[in-house]
Amino acid sequence: MFRKILVANRGEIALRIILSCKELGIKTVAIFSEADRHALHVRFADEAVCIGPPKSTDSYLNIPNVISTAELLNADAIHPGYGFLSESAYFAEVCEASRIKFIGPSSEAIRLMGDKARARTEMNRFGLPVLPGSDDAVHTEKEAIATAEAIGYPVIIKAVAGGGGRGMRVVQNRGELLASLKTAQAEAANAFGVPHCYIEKFIERARHIEFQIMADEYGNAIHLGERECSIQRRHQKLIEESPSVLMTPSLREEIGSRVVQAIKEVGYSNVGTLEFLVDDRKNFYFMEMNTRVQVEHPVTEMVTGFDIIRDQILIAAGERLPHKQSDVQFRGHALECRINAEDPGTHKPSPGKITAWHAPGGPGVRMDTAAYAEYVIPPYYDSLIAKLIVHGSTRDEAIRRMDRALDMFVLEGVKSTIPLHRQILRNPDFLKGDIYTKFLEHSQDRRARAAEIA
Amino acid sequence: MNLGNYATVPDYPNSEGSAPASAILLGLVSMNLKELKEIIDLVTSKESIEELELEKSGVRLRIRRASNHTASAAVEPAAITSAVPAAALPQAQPEMPEQKGEELYHIKSPIVGTFYKAPSPNSEAFVSVGDFVEKGSVVCIIEAMKLMNEIESDVAGEIISILVENGQPVEYGERLFAIRPR
C-alpha cells in the first residue's frame, strides 16, 4: 500500500481524495497555487507545497513542479482527480518514468480513449454500438443519398473539422438532404477552410447515460450501474442521478455486461466511465470514455455504498478488485446538484467572497465541497463550489429531499445555481423523468417566449 | 558636530573575519547638553528609542531604537555608541542587519526543488552575505527532477541574508535571498 499520496488537484475533489486517504491511513501532500493558500485541501493535507502562480498552466498543470514536489516529499503515488492532469497521457508517462504511481489507467489507455474517433472504432470492434454514420467525409451527392438511406432519417451533417455548431445541419428527409449538404459544406469551408462533411444518425431528445466501471490490473472488471446526466447546459452537466428512469434491471445487465467485456478486451485498469447517447427506443450508442474519476461519482457511491476513490487507490496499489459483480446491489435513488458560483440566468461566473454559509444536512444528505464562510472563490478556476447529493428510497423521495436541502442551503455573497436547481426540481417533465440533453435549453426558450407573450 | 557623516552604515568589508563597521562610533571628547539634545532629536524624529545609556565622566552614550530584529539588535546600525575604547566594537555577524522600514528585494524560487548554495558539495558558495551581485549573476541552484537549475538574481545589489539552508526543499515563490538593491 502507498505510504504517501500527492493530490494533484484543488477544490472539492482534492478534499474528497484526502478524506479517503485519511481513512486508509495514507499520508497526503497537497499542492496549491498562490491563489489557493487558504484553501481547505491545503489545510487538511499532511503537507502542502505551493507550486506556482494562480494561472493553472503555471501551477496545477505544471508537470515539472508537480513531479518535483512528489520526489522531494517522497510521495509514492499521485492522484490526479478530474480535470487538470487527469487525462494527460504525457503526465501519466512522466509518472511512470519517475517511478511514481499514477492513480489511473496506463498512459496507453488514456491515449487510446483520448482519440475519440479511434476509441469509437475500437469499442465498436469489441461489441459496443456506436452511432451509425459515414466513417469518412461524403464526397458525392450519390454517396450522401446512399449513406442517409442506409442510416435512416433523421440524420445530421457535421463538418469533419467542425465544432460550435457551424457546418452542422439536421436533415429530416430525402428532399432536404442535398440542399442541406451544400449549405453545410459552404459553412464548413468558410469556418474551417475545408468543406468536408460526414453524415451521422441524428437522435432527437437524446439522453446522456453513462456507466461507471472498475477494473484491476489482473483482468477483473465490474460495472457499478448507470448515471443519467441529461440535465445539462452547453454540454456541462448540472444534475445527475442514479438509476436512470428508463433503466430496467435486465437492460442494465445487458449493457453493463457488454461494457465490462469491452474494457476487458482493451485491457483497461482502474476506474472509468463510458458515456452513451440513448434514444427514445432505449438504443445505446457509445460516445466516449473518461479515464478518470467523474465529478458525479458520489451518485453511484450513494446507491452502491462503495467508496470509489478508496477502491481506485487500492487498485492502483496493485490489489485485486475488492468487489465481485454479484456484490454490487443498487439501493434507492440518488441525485446530485452541482452548485456553481454563477449567475443562474446568464451563466456568467460569479467569483468573490462567501459572506454567509450554511451547509444543509439531515438524513440522506451529503455535501462535497471545499468552500466555507468567508472563503474567497478565486476567478482562475472552474465555478463548481459544492456538490449537493441526496439519497432516498425512491426518485420522488430523493427529489423532495433535494428540494428541502436546497431550501436550507444558505449561500450569500456570490450568485449560484441554487435558484435554477429549485426551478428544475419543480418542472413537471423533470418530475416525470421526461428529460433529454436539450431539456434545459428548450425549457428556458419556452419561458422566454412565454415572457414575451405576456 | 556633524552627525550626517555617520548616519549611513559604511561598506561591509568583503573579506571574512573582519568585523563589520556596523556600529557608529562618535569620537566625542566632550559633549554639551545642546549637542546631546541634537543627537536624541535625530534619533527620535524617526523612531522611538528602546534603550538609552548615558555615562557621564567618559561621556558614554548609547541609544537604541525599537527594532523587531532582536537577533541583530546588537549591531543595529541606528545604535549610536560613544565610547573611548574601540573594544566596544561588536563581533562579526553572519547576517547584515535589515534597516527597519527599508525595502529589501527578495529573490524567490521560480520552481519547486532542492536549494543548493554551491555548484557542488566541495565548491565555494555562489554568493555569501555581503556580496554584491549583478542582475543575471547566478546565486544558487535549485535541483528539480534531477536537473540542476541555475537561479539568477533579477536585480543588482547587496546580499543581506540567505533565507534557506543548503539542501533544503523549497516551494514555488519561497524567499531565497534578501537583497538591498543598488
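Colleague: What is the order of the strands in the open sheet of three strands in chain A, and in which sense do they pair?

Modeller: Bear in mind that this is a predicted model. The order in that sheet of chain A is β7-β6-β8, and the pairing is antiparallel.

Colleague: Why are β7 and β8 of chain A said to stand at the edges?

Modeller: β7 (169-171) and β8 (197-201) of chain A each have a single partner strand, so one side of each is left without a neighbour in the sheet. From one strand to the next, the twist averages 25°.

Colleague: How do you know that β6 and β7 of chain A pair?

Modeller: Two strands pair if DSSP finds at least two bridges between them. Strand β6 (residues 155-159) of chain A and β7(A) are joined by three bridges, in the antiparallel sense, and therefore they count as a pair. Within β7(A), V171(A) is the bridge partner of V155(A). Helix α7 (residues 141-151) of chain A packs on this sheet, where it touches β6, β7 and β8 of chain A, and its direction makes about 15° with that of β8(A).

Colleague: What makes strand β19 of chain A mostly covered?

Modeller: A residue is called buried if 20 or more other C-beta atoms lie within 10 Å of its own. Eight of the nine residues of β19 (residues 384-392) of chain A are buried, and therefore the strand is described as mostly covered.

Colleague: Which strands pair with β19(A), and over how many bridges?

Modeller: Strand β14 (residues 333-340) of chain A is joined to β19(A) by eight bridges and runs antiparallel to it, while strand β17 (residues 365-369) of chain A pairs with β19(A) over five bridges, also in the antiparallel sense. V390(A) in β19(A) is the bridge partner of L335(A), and V365(A) stands opposite V390(A) as well.

Colleague: How do you know that chains A and B touch, and what kinds of residues does chain B bring to that side?

Modeller: Residues are in contact if their C-beta atoms lie within 7 Å, and 10 residues of chain B are in contact with 12 residues of chain A. On the side of chain B that touches chain A, the residues divide into six nonpolar, three polar and one charged.

Colleague: What does the secondary structure of chain B come to, and how much of the chain counts as buried?

Modeller: Chain B has one helix and 12 strands, and 23% of its 182 residues count as buried.

Notes. Residues numbered from 1 in each chain as written. Chains lettered and ligands numbered in written order. Predicted model: local features only at pLDDT ≥ 70, side-chain atom pairs only at ≥ 80, totals over all residues. Contact = placed C-beta atoms within 7 Å. Nonpolar A, V, L, I, M, F, W, Y, C, P; charged D, E, K, R; others polar. Buried ≥ 20, exposed ≤ 12 C-beta atoms within 10 Å, placed from the backbone. Helix = DSSP H or I, 4+ residues; strand = E, 2+ residues; numbered from the N terminus. Axes fitted to C-alpha atoms, helices over the stretch in contact; angles between N-to-C directions.
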